[in-house]
Amino acid sequence: MKDIMLKITGKQFSGEEAEEHMEFITEGKLYQKGESKYLIYDESEFSGFPGCKTTLKLTGNQIRLKRVGKNVGYGSEMVFEKGKRFQSKYQTPYGNLDMEVLTNDVVNNLSEEGYGDIDIDYHVSLGGMAEGRNCLKIEVLQ
């Protein structure tokens, strides 16, 4: 396991225009287990998930994001694979919502050493109450 720096950029779209934009730099960990690379980092106030730990499991063309709250009682899991739908429950302090993710595109440009970037473009629907398109870019800095 090695220490890394991550630059995380997220955009939420309403139509063609980015409605919300978030960017932060944080410390994280990187390790390889079998055919998968793992990136682990703590979320911040900027991401909207303070007190959560996020794990990204990168295997082939699939990325699995798992977010777990320390003392806040919420978490989520999403699987991104181009052209595929993923259904899950999105846990909040106020109860669970049905969540559906449709991945438009996934680009994994991480080198063998684990440096580079990951781009994920997806649509998400939360219990039919909120829908939108999101783009997430995670850069592993040297």
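**Core, hairpin and a buried threonine**

Student: Which residues touch the most other members of the largest nonpolar core?

Tutor: In this predicted model, the largest nonpolar core has 29 residues, and Leu 39 and Phe 80 are the ones that touch the most other members. Strand S9, residues 116-126, supplies the largest share of this core, with five residues.

Student: And what does Leu 39 touch?

Tutor: Leaving aside residues up to four places away in sequence, its contacts include Ile 4, Leu 30, Leu 110, Ile 118, Ile 138 and Val 140, and also Thr 54, Thr 55, Leu 56 and Leu 58.

Student: Thr 55, okay. What is its bridge partner in S5?

Tutor: That is Lys 66; strand S4, residues 52-59, pairs with S5 in the antiparallel sense, over eight bridges. The hairpin of S4 and S5 has two residues between the strands, and Gly 60 takes a positive phi near 60° there.

Student: Switching topic: is Thr 9 buried or exposed?

Tutor: Thr 9, which is found in strand S1, residues 2-14, has a relative accessible area of 11%, so Thr 9 counts as buried, the cut-off being under 20%.

Student: What does Thr 9 touch?

Tutor: Not counting residues up to four places away in sequence, Thr 9 touches His 21, Met 22 and Glu 23, together with Cys 135, Leu 136 and Lys 137.

Notes. Residues are numbered from 1 along each chain as its sequence is written. This is a predicted model: local features need pLDDT of at least 70, side-chain atom pairs count only at pLDDT 80 or more; totals for chains, interfaces and linings use all residues. Side-chain values use heavy atoms; hydrogens and water are left out. Helices (H or I, at least four residues) and strands (E, at least two) are DSSP runs, numbered from the N terminus. Buried means under 20% relative accessible area, exposed over 50%, partly exposed in between (1.4 Å probe, protein chains only). Contact means heavy atoms within 4.5 Å. Two strands pair if DSSP finds at least two bridges between them. A nonpolar core is a set of buried Ala, Val, Leu, Ile, Met, Phe, Trp, Tyr and Cys residues joined through side-chain atoms within 4.5 Å.
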